[in-house]
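I opened this model to look up its ligand site, its surface and its charged pairs. The entries below are in the order in which I made them.

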Amino acid sequence: MKLFDVYPLMDVVPVSANGCYITDKNGVRYLDLYGGHAVISIGHSHPHYIRRIKEQLDNIGFYSNSVVNPLQQELAQKLGELSGLEQYNLFLCNSGAEANENALKVASFVTGKKRVVAFSKAFHGRTSAAVGVTDNETIRSALNNDHDVTFLPLNDTEAVKRELEKGDVCAVIIEGIQGIGGINIPEDVFLQDLQRLCRKYDCKLILDEIQSGYGRSGRFFAFQEANIQPDIVTTAKGMANGFPIGGVLIHPDIKPWYGMLGSTFGGNYLACAAALAVLEVIDAESLIANAAATGNFLLSELRKINGIKAVRGRGLMIGLEFESPVKPLREKLLKEKHIFTGVSSSNIIRLLPPLRLTIDEAMIFLQALKSLLAP
Ligand SMILES: Cc1ncc(COP(=O)(O)O)c(C=O)c1O
């Protein structure tokens, strides 16, 4: 049997990793500014994280959701404290797609409606490109046949209002910062408008913080910059530093009932131990403040470099837009400078490093980039 070939892979076989670095089977050490697609939040192989998982393996390892697992409550408690969303309730699952899917189910159950409004990159307003192409395929796949989804351009309050007025929309789902498609940041006033419109038209506001969450933006959740209170927040990726887990944070006004949602593996002991370790390290080592400081430094230094068309982002979620496709530049960064980066679309490099990235490590990237862009 062969693997179903869906991933364009970098030609690197990692064998060990530490902090912001990965070492491959040939002993080459790479600076990891991609974090396995934003999953490495506290850094690779953190001793506290490893200890927490090993302890759990020695105890019970895994059991499903048919008995009390005290780690789930501990996780909910710590997540509430650090995020400032103490009053919300937590449903645990295993991935980002599942978190979004469950969030949409909840919205649909409690409103009795089905249609969903989501956002894609606002190419030229409400063109067929903006409507037909989603920046987040997982939203589309989660919606599948059960929901009808309408994609609108970002930051267009009137367009949202026109859809919500029709009365059949159960949820508006939006990323705190759009990951794929260009690291686009919704305006604060737009998020506030969404909250107001959702309340007016009995529709749930879902903030997808799967990529932008858990400190990456320099705040716990990116939406907190806009001072809103979403009905539902989804999280995954960095939540357990690579251990599969997803979470749906649900406003206390939405009441659960037995059987409303469910997951065999969701919130298993190992995943909870890994997720708790992440929160403990973020807290103890002030990683959110670090993401803000190193991120601000990177953003301002990147904006000084000639040859970059635009620099967008917040904290350690950064997009560098170029006039032409970035594939050759990324290959040089990887092969000549030994630096991992990601893409956001063909012309945009996406940086999603561990939240512990230091100024010195950021400097390594800046120097490498400058030397590759020099005429
Ligand atoms: C914003 C956003 N939401 C949801 C997902 C889906 O997460 P997962 O791959 O864990 O299912 C992703 C993954 O890239 C994402 O970036």
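**Ground rules**

I am working with a predicted model, in which local features need pLDDT of at least 70 and side-chain atom pairs count only at pLDDT 80 or more, while totals for chains, interfaces and linings use all residues. I number residues from 1 along each chain as its sequence is written, and my side-chain values use heavy atoms, with hydrogens and water left out.

**Ligand site**

Helices (H or I, at least four residues) and strands (E, at least two) are DSSP runs, numbered from the N terminus.

Next I looked up N and O atoms of the protein beside the ligand. A polar backbone atom of Ala-97 is 2.7 Å from an oxygen atom of the ligand. In the side chain of Asp-208, an N or O atom is 2.8 Å from a nitrogen atom of the ligand. For Lys-237, I found a polar side-chain atom 2.9 Å from a ligand oxygen atom. The ligand taken alone exposes 390 Å², of which the protein buries 81%. Such areas come from the Shrake-Rupley method with a 1.4 Å probe; for residues, only the protein chains shown count as cover.

**Surface**

I found a nonpolar surface patch of about 580 Å², made by Phe-4, Val-6, Tyr-7 and Leu-9. The patch rule takes residues with over 30% relative accessible area and no salt bridge, and joins nonpolar side chains (Val, Leu, Ile, Met, Phe, Trp, Tyr) within 5 Å and like charges within 9 Å. Phe-4 sits in the segment before β1 (14-18). Its relative accessible area is 76%, so Phe-4 is exposed. The classes are buried under 20%, exposed over 50% and partly exposed in between (1.4 Å probe, protein chains only).

**Salt bridges**

I searched the whole structure and got 14 salt bridges, each a side-chain nitrogen of Lys or Arg within 4 Å of a carboxyl oxygen of Asp or Glu.

- Glu-165 pairs with Lys-161, with the closest N and O atoms 3.0 Å apart. Glu-165 is partly exposed at 42%, and Lys-161 is partly exposed at 26%.
- Asp-188 and Arg-314 meet through their side chains at 3.9 Å, N to O. Asp-188 lies in helix α8 (residues 188-200) and Arg-314 in strand β11 (residues 310-314), so this pair ties together parts 126 residues apart in sequence.
- Glu-321 forms a salt bridge with Arg-312, the closest N and O atoms being 3.0 Å apart. Glu-321 is buried at 15%, whereas Arg-312 is partly exposed at 23%.

I also noted one network, in which salt bridges that share partners join Arg-115, Glu-163, Lys-166 and Asp-168.

**Strand β10**

Is Gly-246 buried or exposed? Gly-246 has 0% relative accessibility and counts as buried. Gly-246 lies in strand β10 (residues 246-250). Between Gly-246 and Cys-93 I read 4.7 Å, C-alpha to C-alpha, for residues 153 apart in sequence.

Definitions and conventions
A polar contact is a pair of N or O atoms within 3.5 Å; within protein, one must be able to donate a hydrogen and the other to accept it, and residues adjacent in sequence count only if both atoms are side-chain atoms.
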